[in-house]
Amino acid sequence: MVQWKAEERAAIQAVFAKLDYESVGRETLTRLLVVYPWTRRYFGGFGNLFNSEAIMANPKVAAHGVVVLKGLEMALKNMDDIKNTYASLSELHSEKLQVDPGNFQLLGDCLTVVIATRMRSEFTPDIQAAWQKFLAVVVSALRKQYN
Amino acid sequence: MLSNTEKELIVQIWDKMIPVAEDIGSEALLRMFTTFPKTKTYFSHLDISPRSEHLRCHGKKIVQALAEGARNISTLTTTLAPLSRFHAYQLRIHPTNFKLLNHCILVTLACYMGENFTPVAHAAIDKYLSAFSAVLAEKFR
């Protein structure tokens, strides 16, 4: 089981408290699709994803960004048992959506970069470390049901 | 594959980092050591505590190398040949660590530039850092 220090919980809560789900969600998914274009394969029903301008203006990308952050919020609310909290999400991603789990890391990295652009010097190395530890647990939980 | 627009963007961004090379470089390293503590194993010979002279000096070297590479993107292999040999034969860094530093460089740039670190800039720099690391790891075997 993952052990969280009090400072780590506080750091992760603090990052979440500042998240505007619509704006951060849209920008995170935009960056995933722009920086790592192969991820577009999972969003065939989203319409025009041909270039960065189209992606940034796409309303389905924006809506899905919110879905992703609400998913992360579930992990925040159950930090001591993320693995079980994510059991059905993991199955969804492996069986139905068939997402290569290597891409979870990339989405996490894009989210971290977006947070950095918003929080700037407040996103200290210690806060980054706690945040990334949280994302690593989330990614590991999402990978659990793949076999 | 970098477009001409991306190459120009990369040069612009790294040129802006040269005057603050110590700040940017030391911050990227500190972020890497804090988030990925195993990377500290390569620096047992230096004082890498926050704001240490070693950290600032080493950070500066990294940013300066990245800026020089940016100005010579089409000849990265030649420009980086000495650094490439150094990383292969002397430093012998496990190749997965390049991605960790690259990510922390992106985060540092994002904190520094805020919304000016656009998705397009993010993509260009990420591609550049991947290409740079590939050249540094080229002689590993």
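So, Arg56(B) and Asp23(B): their side chains meet in a salt bridge, 3.0 Å from N to O, where a salt bridge is a side-chain nitrogen of Lys or Arg within 4 Å of a carboxyl oxygen of Asp or Glu. Arg56(B) sits in helix H3 (residues 53–71) of chain B and Asp23(B) in helix H2 (residues 21–35) of chain B, so the pair ties together parts 33 residues apart in sequence. Helices here are DSSP runs of H or I, at least four residues, numbered from the N terminus.

Quick housekeeping: this is a predicted model, with local features needing pLDDT of at least 70 and side-chain atom pairs counting only at pLDDT 80 or more, while totals for chains, interfaces and linings use all residues. Residues are numbered from 1 along each chain as its sequence is written, chains are lettered from A in the order in which they are written, and side-chain values use heavy atoms, leaving out hydrogens and water.

Now, the whole structure has 11 salt bridges over all chains. One of them joins Lys133(A) to Glu8(A), at 2.9 Å, N to O. Lys133(A) is in helix H8 (residues 125–143) of chain A and Glu8(A) in helix H1 (residues 6–17) of chain A, so this pair links parts 125 residues apart in sequence.

Buried or exposed, what is Glu8(A)? It's buried, at 13% relative accessible area; buried means under 20%, exposed over 50%, partly exposed in between, with a 1.4 Å probe and protein chains only. Lys133(A) is partly exposed at 27%.

Then there's Lys18(A) with Glu122(A), at 3.4 Å, N to O.

Key
Helix = DSSP H or I, 4+ residues; strand = E, 2+ residues; numbered from the N terminus.
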